[in-house]
Each structure stands twice: as C-alpha cells, then as structure tokens.
Number of protein chains: 2
Amino acid sequence: MKLDVYLEAEKKRIDAYLREKLPSRSHYPPQIHEAMLYALFPGGKRLRPILALSASEACGGQKEACLPFAAALEIVHAYSLVHDDLPAMDNDAFRRGQPSCHKKFGEAIAILAGDALLTFAFELMSRADDMATSLAVIREVSARIGSLGMVGGQTVDVLSRGGEMDQPTIEYIYTHKTGQLIAASVRVGGMAAGASPESLASLTRYGEYLGFAFQMTDDILDHEGFARTRGPEATREEARAFIAKAKDELTFLQDRAGVLAAIADRVLVREN
Amino acid sequence: MKLDVYLEAEKKRIDAYLREKLPSRSHYPPQIHEAMLYALFPGGKRLRPILALSASEACGGQKEACLPFAAALEIVHAYSLVHDDLPAMDNDAFRRGQPSCHKKFGEAIAILAGDALLTFAFELMSRADDMATSLAVIREVSARIGSLGMVGGQTVDVLSRGGEMDQPTIEYIYTHKTGQLIAASVRVGGMAAGASPESLASLTRYGEYLGFAFQMTDDILDHEGFARTRGPEATREEARAFIAKAKDELTFLQDRAGVLAAIADRVLVREN
C-alpha cells in the first residue's frame with residue numbers, strides 16, 4: 001500500500017536523523033544517554049514528526065529544513081511518555097511491550113532522562129538553519145507543551161484519577177494532553193515551509209480535529225474517557241466525523257493534500 | 001553595606017519580572033501554576049540571574065535586555081531543585097525551611113511543575129527582543145543544562161550515592177551539577193551585552209572558578225564532597241584560592257569589575 005511505503009520511508013528518515021543527533025552511549029555519563037536512547041528507540045509510528053514533514057512538504061517546503069523541528073517534536077513526545085509512565089503519574093511498567101524507562105533504569109534516571117530529552121529538543125530547535133523560523137518554532141512548541149498546554153492536560157488527567165470525569169474535563173484533557181503536540185506538529189511543518197497565516201489556521205484546525213479523533217480511538221482501545229461514558233460505537237462515529245472535518249480543512253492544499261488526508265484516514269484504523 | 005543594597009535591589013527587579021511573566025494562579029489548571037510559583041517564591045538569593053545582570057552591565061549592556069534571560073536562568077534553577085528534591089532523587093522533604101514542592105503538592109504535580117518550569121524558561125528566552133541573542137542564549141543554556149551538563153552532573157551524583165566518591169567523580173559533579181548553570185549565567189550576561197569572544201572566555205573562567213568555590217562552601221555547610229574527603233579547613237582554603245582566580249579573570253573589565261568581584265568574595269562568607 002502506497003501510504004505504508006511513504007510512512008516507513010519517513011520513519012527511517014526521522015530515526016536516522018535522531019540517531020545522528022542524540023549523544024551516543026559513549027558520552028559520559030553513559031547511563032543517562034542509554035536511558036534517553038531507550039526512550040526513543042525503537043519508538044512508535046513517529047506520527048508527530050511525520051505530520052510535521054508532511055505538512056511542510058504539502059506547503060511547498062523542503063523536508064530537510066523541517067527535520068530538526070520534526071525530530072524535536074518526537075523527542076518531546078518521548079520525554080512526555082517517560083514522565084507519564086512514572087509511578088507517581090500513570091505508573092505504567094510497560095511501554096510498547098518493553099519495560100518502561102523507570103523499570104529499566106530506575107526512577108531517578110527516568111526523571112533525569114525526561115528532563116534531558118526535553119532540554120535536547122530545544123537545543124535541536126535552536127540549531128536549525130533559519131533563525132527566524134527557529135525562534136518561531138521554539139515559541140510555538142514551548143507554549144503548546146507547557147503548563148497551559150500538554151503539561152496542563154497531564155495535570156488535569158492526574159488530578160482526575162479515580163473519580164468520574166465530566167464532559168468538559170475529558171475535553172480539556174483531549175485537547176491538551178494529546179491535542180496540543182499534534183497541532184504543534186502540523187503547524188511547525190507549515191511554519192518551516194513559510195506558510196501564510198491563513199494556511200496555518202487551516203493546518204491548526206486539521207491538527208486539532210486529528211488530535212481529537214486520535215484521542216478517541218485511543219480511548220476505544222483503552223476503554224476510557226468518551227469510550228467509557230458514551231460507548232465505543234458512538235465514540236468511533238464521532239472520531240469519523242472529526243476526521244471528515246480535518247480533511248475538509250485541507251482544501252487549500254489542492255492536489256498536495258493527499259498525504260495529510262491519508263494520514264487522517266489512517267487514525268481511524270489504528271491498532272495501538 | 002553597599003553590596004547588600006545592590007543585591008536586594010536586583011533581587012526585587014528579578015522577582016517583579018518573574019511575577020509579571022509567570023502564569024498566575026488564576027490560569028487553568030490552578031494546581032500546576034500554584035506549584036510553579038511555590039517553587040519560585042520566596043526563593044533564595046537569586047544568584048544566577050544577578051550574575052547574569054551584573055555581567056551584562058559590566059560588559060556595557062542594558063539590564064532590561066538581559067532580564068528575560070536572567071529570569072529564565074532562575075526558572076531553570078527552580079526546576080532543577082524541584083526535581084532534585086523528589087523521593088527518587090535526593091528525597092528532601094524541606095527546601096529553604098518550607099516543605100519541598102512534592103511534599104506540598106504531591107510527586108506527580110512536582111514532576112509536572114518542574115517540566116513546566118523548564119519549558120517556560122525556554123519560552124521566555126525565545127521571546128526576548130534581539131533574535132540572534134535569543135537563539136545564542138538558548139543554545140548556550142540548553143547545552144549546559146542537558147545530559148552533558150547539569151543533568152549529567154545530577155546523574156553522576158545520584159548514581160554515586162552510598163559509596164565513597166573518588167576525586168574525579170567529585171570534580172565532575174562540581175563542574176556539572178552546579179558549575180554549568182553558574183557559568184552559563186555569567187556568559188549569558190556577556191552575550192546579552194554583545195561581549196567579545198575574549199571577554200566571554202574570561203567570564204567563562206570567572207564563572208567556572210566561582211562555581212567551584214560555591215560548591216565547596218556548600219560542601220562545608222553540608223559536610224559532603226571535598227569537605228568530607230579533605231576536611232573543612234583545606235576545603236575553605238581551596239575555595240579562597242578559586243575566588244582569587246575568579247577575580248583575576250575580571251581585569252578586562254577594569255573599573256567595571258567591582259560588582260562581580262564583590263559577589264565572588266561574598267561566596268566565601270555565605271551561610272546557606
């Protein structure tokens with residue numbers, strides 16, 4: 001299938017770049033660098049950097065120019081998973097079938113590896129070629145992953161544990177814990193390509209709808225959130241509606257909308 | 001005493017700026033913003049931002065231009081203390097006579113508050129007026145606080161617990177856990193003022209010597225590190241020698257060296 005070939009090639013491109021840029025295990029102290037690499041490899045589908053690269057290309061940009069930002073987005077995602085898995089947070093002993101970072105390296109090193117990954121993501125963004133774009137991307141990403149964004153979402157998620165969540169709370173968690181980084185990924189791609197404010201606004205809505213649908217299919221797999229309050233069938237129906245709305249936002253891309261549209265469709269059939 | 005008046009005024013300037021820029025408790029979710037503010041206020045002596053502002057002024061820069069960077073350095077320091085105090089790390093229940101952040105808000109919120117502070121520090125650095133300086137400072141700070149800098153130092157510190165440390169290990173921890181952020185503070189001040197590479201090199205050595213002396217006086221107070229392996233008197237003697245070397249590096253500043261020299265002297269008589 002054509003999309004699969006594309007996604008696999010992009011994943012390879014991103015993985016190669018990450019391997020090239022991350023400090024290797026031979027750097028002192030080795031434990032922290034092992035833990036950082038462990039959090040990144042083998043990794044998942046690399047959805048966020050692929051969204052960035054695809055959005056960049058769709059807007060007429062060069063993928064190479066977007067690559068530092070795309071990689072940084074994946075590194076931010078990896079840091080957030082390492083910290084979310086900690087015993088004080090979601091207490092997950094496994095991640096993608098492997099022991100989670102703190103199970104493998106201990107809690108202290110996992111906390112520090114997350115900190116170092118987040119720091120490295122900003123270092124990477126600051127070293128891109130174009131100065132104005134670098135700064136704009138750092139502003140964009142920092143605003144969307146901080147206390148008013150992704151960390152805010154995780155905060156509300158952690159504080160809501162045990163009790164039933166009301167609809168606004170579930171929506172806040174959806175749009176912040178997962179949605180902000182996905183929206184940032186698409187926007188960063190557009191920014192790297194010099195997209196117009198109008199194009200960025202369309203990409204933002206595409207990213208937001210996609211994030212919503214992504215979180216819904218997540219909930220169906222985990223029997224949580226909307227899937228628990230509304231049932232899996234109603235949730236899947238709503239996810240489908242969001243994907244349709246996401247794709248509607250791509251009309252400005254004309255014949256370049258294909259990849260982003262296909263990625264959106266793929267969210268509905270994902271299995272993990 | 002003149003230096004005290006200066007330090008108090010600078011602390012007020014920094015505190016006012018931090019209060020203005022940090023999201024207030026009225027932002028959702030309030031818990032994370034309360035924890036972030038708790039980690040920053042009342043705070044300590046604000047050594048790092050004061051070093052940045054003083055270095056900037058000594059090099060002929062405007063303090064206002066350096067303020068976002070100075071504040072970011074204090075925010076980075078606050079994040080590192082919150083994470084270092086966690087049970088999995090140094091397990092400190094108190095910080096400056098108050099319950100540490102995780103004692104007050106729980107471990108999950110403390111981890112997230114540290115993450116959000118680190119993220120916010122980068123956001124602040126990215127929003128300064130001069131683009132080239134912003135990026136240079138972000139590169140400088142991220143490189144010095146990541147896995148090859150401050151986090152590396154904390155990693156080795158955590159991994160060395162319980163056993164006796166050899167000299168190179170103690171030195172690595174000194175120069176990384178504390179030294180890198182102090183050196184970064186002085187350098188960032190110089191960078192904000194457009195200092196020459198030669199001036200920056202002198203400031204770097206000043207910061208490195210200062211960081212060494214600072215950690216030594218810390219160890220004397222805590223009966224750790226050098227103070228344990230060599231005794232407090234030999235350690236104090238060595239700290240004094242490092243302060244002398246630090247001050248020797250300030251000759252390029254001529255009659256503008258006063259404040260940085262006085263701050264260096266103050267490290268020897270600090271009480272906490």
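The model is predicted: local features need pLDDT of at least 70, side-chain atom pairs count only at pLDDT 80 or more, and totals for chains, interfaces and linings use all residues. Residues are numbered from 1 along each chain as its sequence is written, and chains are lettered from A and ligands numbered from 1 in the order in which they are written.

Along the principal axes, the C-alpha atoms of chain A fill a box of roughly 50 × 50 × 35 Å. Chain A has 13 helices and two strands. These are DSSP runs numbered from the N terminus (helices H or I, at least four residues; strands E, at least two). Of the 272 residues, 57% count as buried. Buried requires 20 or more other C-beta atoms within 10 Å of the residue's own; exposed is 12 or fewer, and partly exposed lies in between, with C-beta atoms placed from the backbone. Among contacts in chain A with a separation of 6 or more, 67% join residues 24 or more positions apart. A contact places two C-beta atoms, built from the backbone, within 7 Å.

The contact between the chains takes 44 residues from chain A and 44 residues from chain B. On the chain A side, H2 (30–40), H6 (107–126), H7 (131–145) and H8 (150–159) each supply at least two residues. H6(A) gives the most, with 13 residues. The chain A side divides into 26 nonpolar, 13 polar and five charged residues. Ala, Val, Leu, Ile, Met, Phe, Trp, Tyr, Cys and Pro count as nonpolar, Asp, Glu, Lys and Arg as charged, and the others, Gly among them, as polar.

B:Ala88 lies in the loop between helix H4 (63–84) and strand E1 (94–95) of chain B. B:Ala88 is buried, with 21 other C-beta atoms within 10 Å. Leaving aside neighbours within four places in sequence, B:Ala88 is in contact with A:Glu107, A:Ala108 and A:Ile111. B:Ala88 and B:Glu107 are 19 residues apart in sequence and 9.8 Å apart in space, C-alpha to C-alpha.
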